[in-house]
Amino acid sequence: MAAWDLAILVEDLGPDAPPVTLSVASDLHVGGVILKLVEKTQIKRDWSDHALWWEQKQQWLLRTSWTLEKYGIHADARLLFMPQHKPVRLCLPSGITLRLLACFSNPVFQTVMGICRMLNIRRPEELSLLRPIEHKKKKKAKDLDEEIYDLTEVPLSSASRPCLYNGMPAHFADSSQMEAIYKMLSVTQPPPAPEVIAKQYRPASVVDKAHIHGRWLDSSRCLMQQGIQENDQIWLRFKFFAFYDIEPKYDVVRLTQLYEQARWAILLEDIDCTEEEMMLFGALQYHISKVSQSEPQMMSSSAAMDDLESALQSLEVKMEGESSTASEMLETMTAPDLNDYLKIFRPKRLTLKGYKQYWFKFQDTSISYFKSKEESIGEPIQKINLKGCEVAPDVNMAAQKFLIRLLIPAPEGMNEVYLRCENEQQYAQWMAACRLGSKGKTLADSSFQSEIQSIRSFLAMQKSSSSSHGNVPASDESINTHSLVSPRYHKKYKPKQLTPRILDAYQNVAQLSLTDAVMRFLQIWQALPDFGLSYVVVRFKGSRKDEVLGIAPNRLIRIDLGVGDVVKTWRYNNMKQWNVNWDIRQVAIEFEGNVNIAFSCVTADCKIVHEFIGGYIFMSNTQS
Amino acid sequence: MQSGAALRKDNNKTRINTFEKMDDIDAMFSDLLGEMDLLTQSLGQETVPPASPPSTNKEVNFSIGFTDQNESLNELEDTDLDALMADLVADLNATEEKLAAEIQASSTGSSVSTPASSATSPIPPPQSSKPTKEEIEAQMKADKIKLALEKLKEAKVKKLVVKFLLNDGSAKTLMVDERQTVREVLDNLFEKTHCDCNVDWSLCETNHELQLERTFEDHENLVEPLLAWTRDSENKILFQERREKNEVFKNPQNFYLWKKDKKALKDIKDKDKELLVQENFCGTSIIVPDLEAVLHLKEDGKKSWKQRLFQLRASGIYYVPKGKTKSSRDLVCFVQFDNLNVYYGKDFKSKYKAPTDFCFVLKHPQIQKESQYIKYLCCDDARTMNLWVTGIRIAKYGVSLYENFKTSEKKAAVSSVWTNRSTPSSSNPSTPSPTIKAKSPNQANGHAPTPQPGPISADFGNIPPPPPPMAEILPPPPPDPAFPPPPSLPSKGSPKPSLPQRKLPTNFPPPPPSMDNLPPPPPPPPIDDAPPDFLPPPPPTSGFGSLPPPPPPMSSLPLPPPPASFGRMDQSLPPPPPDPEFLPPPPPEPVFTGGGGGPPPPPPPPPPPAAGGGGGFPRPALRPVGSVKKMPPAPPKRTTPSLQGGGGDGDLMSELMLAMNKKRGAH
């Protein structure tokens, strides 16, 4: 067979190097070409990751046993010899950018699997890659100097089967630097500065959201084919919102990144929620950041925490066994109490005008008060059981006002009682006591001290935000509450107005462990009515206007753009089949009961819609 | 009872002897015990101090008789006492005798166990290995400390004697202590009434003054809400079947697909129901039906009712303010559920001039009288009202509701087996089993000399491993197993698990034919000493432990139901015999294939480019060449699963019968 010349560019020789020309015959297989090529370059190195890329056809020549003829390669083919794994800048849900080697030759689905293996994220099928939103020119310059964590040194082979070492994949245990990266992956980021939130792109409408979903890469084609270059930025995000089998013990990174994505979805109003929900999300973020700062290793050692309950119980038993005197036993069974002079005001009662000072005693879950300390042995003037009551703060640091508003349930209704404290210290103690009491807990409860702490730190937040008008760098002690809510609330409330509201929500979550708090955040997120919806602007067959198709884990919804209302819902379990006509780019779906719909996609390739639907059905079938 | 009294006296003596032998610390503990007895007494619970003569007097009184009014009360307290005393005495005896035996160094196992255990059964079994003297003493001390602590706790526990009204106008009275959940109380009531134990049985609280009614959730503690009642209150506790309690698990489509038209909802397949329950109750997050409706709100302190557009979310009830959109961020929070309970309002049309009688109310459980803090809402129809009340319950209680349902389902399955057994001829499975009426023979039974041995607990006692404690039954099913994980299904879950049960009755002597109509055969007499009629406060498990081990299974199986069919059923089951719990969730595969007719494995999400041409099912006509055809795997063609009952009524009996008939027919 006649020999002809084949010119191949070898990337490793540099961009300006001339192509290497080989004399080949058409029956030479690709492996032979590579062998010849490597010999000719005379470079000794590991070529195992290299492969040939055919530029005109946008195709990798990965079947080394195929001949050139079979591939249809002639002398005019522009071939490139380069590694299949190239560095990319991978932007994580947390907003952190990693530099790592991604596979450019496998379908994106497998590339994601490889990335997830390296990062120790289970269930890679939930995630995918998407193109970033283009920044304006001047922002780009800024992007460059952001901190990038480099993972390119991780040997590709080690990522194939991660063995855990110290609770992390072995390649992260190599050096303290790598360990730091793993920590960054597995520990939630501190709340972002309000300006950072404000600067981020926020989808303003459902159409904006639909445009974001047009950016998903095609899972069945490789990065190279989709125009992704070496060192490009791509986003790694959770794409399918059906999270099965979350196991905090093994899913440290997965949970953390999921939380980060959820947090940003809330902060950027990618998903709508009510004000009350926003405050709860804020409180949880505050709690999570606080707990993860104080115990950064918690997530990985949470296995031990699972058993905390039982450990405590056995401890209790032990103590029961050990305490040998009656007085000791009685001591453990009676709660400590709190005594002080406070002022009380009952707005609804005419008899007590203004605040009057009494000697207060907090015992078990009740407050009693007496004329004076001396008379506290006798019968109290009144005893108020706080169990089931509502406790609200009314604090103004500048005015030194420390008020506890109590709504005490009684058969006749709720009685309002205000308690006025003298100072921060007193307030924190009594407030904490009231909170515990309202939940039916006594001061002996272990959460008493931490409750006091959190009240004080919230007071500190109020102090700092009122003194220096919002632009405080977030120090350990105080977080600007604007960091915890979406920009809409930046306009609506000043930080110090937000503080009591978030604190209010906070009291219900303050006892949660880090893992529980993250899980709670995710649960509330998942319980939002719009959760899990990915939008695409479509044109239904026979319709003359654009509408929005929402794709959820269990259903499709049709949204009228004019009204913004859900017009129609189709559940997958009623779906008989769906088809894509690639020629006219139309998706046709048939449901039971002879319901047929067809639409073309406006903001996204119909391949994306196709993948979403198929992916959800696939996942619900295999995993639930 | 008289024998019990005599016995107690004896034990008091032995106990005194014991004390004489004791060293200082022990003496101190006995003092402590005495003190605590006094303490309990002073709390009005009349725990009789064991050594004091009045106690014997009282018992004499008791055995002679008492006035009608206090009958149940005394009975209860006494049984309570019995249990406590039994524990106490048994404990002491056991240790003492062990000690004695050790000292004499001539003891045999039989002498150790005889006197104490034969008389009062509930004892932790004595250790088989011979402990040293020190160990024994240490053990004794530890036991006493434990006992002391238990008593101390006991003394603090609030107990109420509660009257439960039944549908037929009669009432049952039970002592309920504050640690007991509604579920436990229901179980006790099942024993007392011998009803069919179906999942609808509930406890309801009625508030006479406010004309409210609420079904307690099974996981709630009963005593706490009752303590909120005012002294003169005319509130009542009803023991009733309430369909709405678990309706959302039987017909989830009515709640989660409420927007669809009624016909579509009615035609929904059981498999889709399962899926809905699965989706909304078994995921990481509990999904609240997203309700939206114009409801009438009674304005504070006024007589008028105002219309507003309300929305239910997991975080609370919201309304859309005038002139605003329905977007989440504009919603105004109406209430959150932390401190509120939801009640049905009765007859509000006349009481509050409500537009309709379909009203519900949100209030703090402690509020018992009219107050501005009560929120009154009125719906256009009963369906809307049930939607909202159920939706609010889901938002408030979350997964607990589902766990309660599963627990009660298991309970119902057990008892349905019993019902089935005692009335094997009942050939009409589709009618809901008789409930209150079925009770009458049992009431008669209740007055028999062995007062209501508590068939259920007895059953459990004889079933080899006792049912796991509540908590263990409940863990949400692992998400893994299989797609339509059916652990919860009333229809499919019940027939299977109940089968092993059918074998259990062999532990009992076969009931004499004349007693065929009595659901449970009375257990053998020796067990009777166990507290009848009232489970002692500590969770039922202790009760099981105290029952003697089941007698060896009788070799002859004279059971009426056709053994052949059961044998066949058994083949399809995991090895059934010793497993009384319903945990083994039906293996997923059969259900899947049964339900879906073996849908093809789904395509993975990224369809390889090669599939572009014609992956999927050849479907000739009209399709453009380039189109990819894919069958959505699970949903498409579905034949009715073989095990499914017709109406999907959730009646376990009928399901069971149907399943059996089918099986029989197949062979």
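Which strands of chain A does helix α1 (residues 30–41) lie across? Helix α1 of chain A lies across β1, β2, β3 (50–54), β4 and β5 of chain A, and runs at about 145 degrees to β2(A). Here axes are lines fitted to C-alpha atoms, for helices over the stretch in contact (heavy atoms within 4.5 Å); angles run from 0 to 180 degrees between N-to-C directions. Helices (H or I, at least four residues) and strands (E, at least two) are DSSP runs, numbered from the N terminus.

This is a predicted model, in which local features need pLDDT of at least 70 and side-chain atom pairs count only at pLDDT 80 or more, while totals for chains, interfaces and linings use all residues. Residues are numbered from 1 along each chain as its sequence is written, chains are lettered from A and ligands numbered from 1 in the order in which they are written, and side-chain values use heavy atoms, with hydrogens and water left out.

In chain A, five strands form an open, mixed sheet in the order β2-β1-β5-β3-β4; two strands pair if DSSP finds at least two bridges between them. The edge strands, β2 (20–25) and β4 (59–61) of chain A, each pair on one side only. From one strand to the next, the twist averages 40 degrees. Strands β1 (residues 3–10) and β5 (residues 79–83) of chain A run parallel and are joined by three bridges, with Ile8(A) opposite Leu79(A).

I move now to strand β12 (residues 233–238) of chain A. Six of its six residues are buried, that is, under 20% relative accessible area with a 1.4 Å probe and protein chains only, where exposed is over 50% and partly exposed lies in between. Gln233(A), Trp235(A) and Arg237(A) point one way from β12(A), and Ile234(A), Leu236(A) and Phe238(A) the other way. In a regular strand the side chains alternate between the two faces of the sheet. Strand β6 (residues 85–91) of chain A runs parallel to β12(A), with three bridges, whereas β8 (residues 127–130) of chain A pairs with β12(A) in the antiparallel sense over four. Trp235(A) stands opposite Cys91(A) and also opposite Leu130(A).
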